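Welcome! Here is a short briefing to read alongside the sequence and the 3D view.

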Amino acid sequence: MRIEISNLGIIEQKVKSRIEHMWKAFQKAVEVEKEVIRSRTQQGVDVNGDTFEPYSPTNPGRNWAAVRKRNNRQTSRVDLSFTGDMFRALKVSFRRDGFKFLATIFFNERKQSQKAKGHHTGQLGPTKFEPRRFFELSKRQRENIISKIRNAK
């Protein structure tokens, strides 16, 4: 049996168009989910949907509840947003490698990156505390991105 394809140009054009739509959907979806990380964290919720441990007056370091109160900041929940600098440094870079779409969500300032790592791991310098796992995409967020790519038109 022999198969001859005579409309390769049209097929190639359709595939390129589909990939381009998927690429744009991917970029938009990742940007949306980056904002979900920010808003979820500022509501005091980690990647698993659990609330962060409250500010402790016995924190071995600064008493952040007192510092926040003195600076007219809310203290009802940990929101990792004292100045907002950390989340202003949250960025996304994109790269395409053939049919692979790659995104990196990162903090583009060294100080903010270290601060984020400290909160995420539970160690800011010599101060240790319960980790605040905020800097990751939840399973649902990853599924949302995949769904948006699949449904790209």
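**A helix and a cluster of rings**

Helix α4 is followed by Gly122, whose phi is positive, near 90°. Please keep in mind that this is a predicted model.

**Helix α4**

- Helix α4 runs over residues 110-121, and at 1.5 Å a residue its twelve residues should span 16 Å; the C-alpha atoms at its ends are 16 Å apart, which agrees.
- Four residues of α4 are buried, namely Gln112, Ala116, Gly118 and His119.
- What do the buried residues of α4 pack against? Their partners are α3 (85-88), β2 (100-107) and β3 (123-124).
- Turned away from the buried side, the other face of α4 carries Arg110 and Lys117, which are exposed.

**Aromatic pairs**

- How many aromatic pairs does a search of the whole structure find? The search finds ten.
- One of them joins Trp23 and Phe94: the ring centres are 6.2 Å apart and the planes lie at 85°, and since planes over 60 degrees apart count as edge-to-face, so does this pair.
- This pair links distant parts of the chain, with Trp23 in helix α1 (residues 8-42) and Phe94 in strand β1 (residues 90-97), 71 residues apart.
- Is Trp23 buried or exposed? Its relative accessibility is 11%, so Trp23 counts as buried.
- Phe94 has a relative accessible area of 25%, so Phe94 is partly exposed.
- Phe26 and Phe101 form a tilted aromatic pair, 5.6 Å from centre to centre with 35° between the planes.
- Because Phe26 lies in helix α1 and Phe101 in strand β2, the pair ties together parts that are 75 residues apart in sequence.
- Phe26 and Phe101 are both buried.

**Bringing the rings together**

- Which residues do ring pairs link into a cluster? The cluster holds Trp23, Phe26, Phe94 and Phe101.
- Strand β2, where Phe101 lies, is also among the elements that the buried residues of α4 pack against.

**A charge over a ring**

- Where does Arg73 lie? Arg73 sits over the face of Phe82, at 4.8 Å from the ring centre.

Conventions: Residues are numbered from 1 along each chain as its sequence is written. This is a predicted model: local features need pLDDT of at least 70, side-chain atom pairs count only at pLDDT 80 or more; totals for chains, interfaces and linings use all residues. Side-chain values use heavy atoms; hydrogens and water are left out. Helices (H or I, at least four residues) and strands (E, at least two) are DSSP runs, numbered from the N terminus. The expected span of a helix is 1.5 Å times one less than its number of residues. Buried means under 20% relative accessible area, exposed over 50%, partly exposed in between (1.4 Å probe, protein chains only). Contact means heavy atoms within 4.5 Å. Rings of Phe, Tyr and Trp (its six-membered ring) pair if their centres lie within 6.5 Å; planes under 30 degrees apart count as stacked, over 60 as edge-to-face and the rest as tilted. A charge sits over a ring if NZ of Lys or CZ of Arg is within 6 Å of the ring centre and within 35 degrees of the ring normal.
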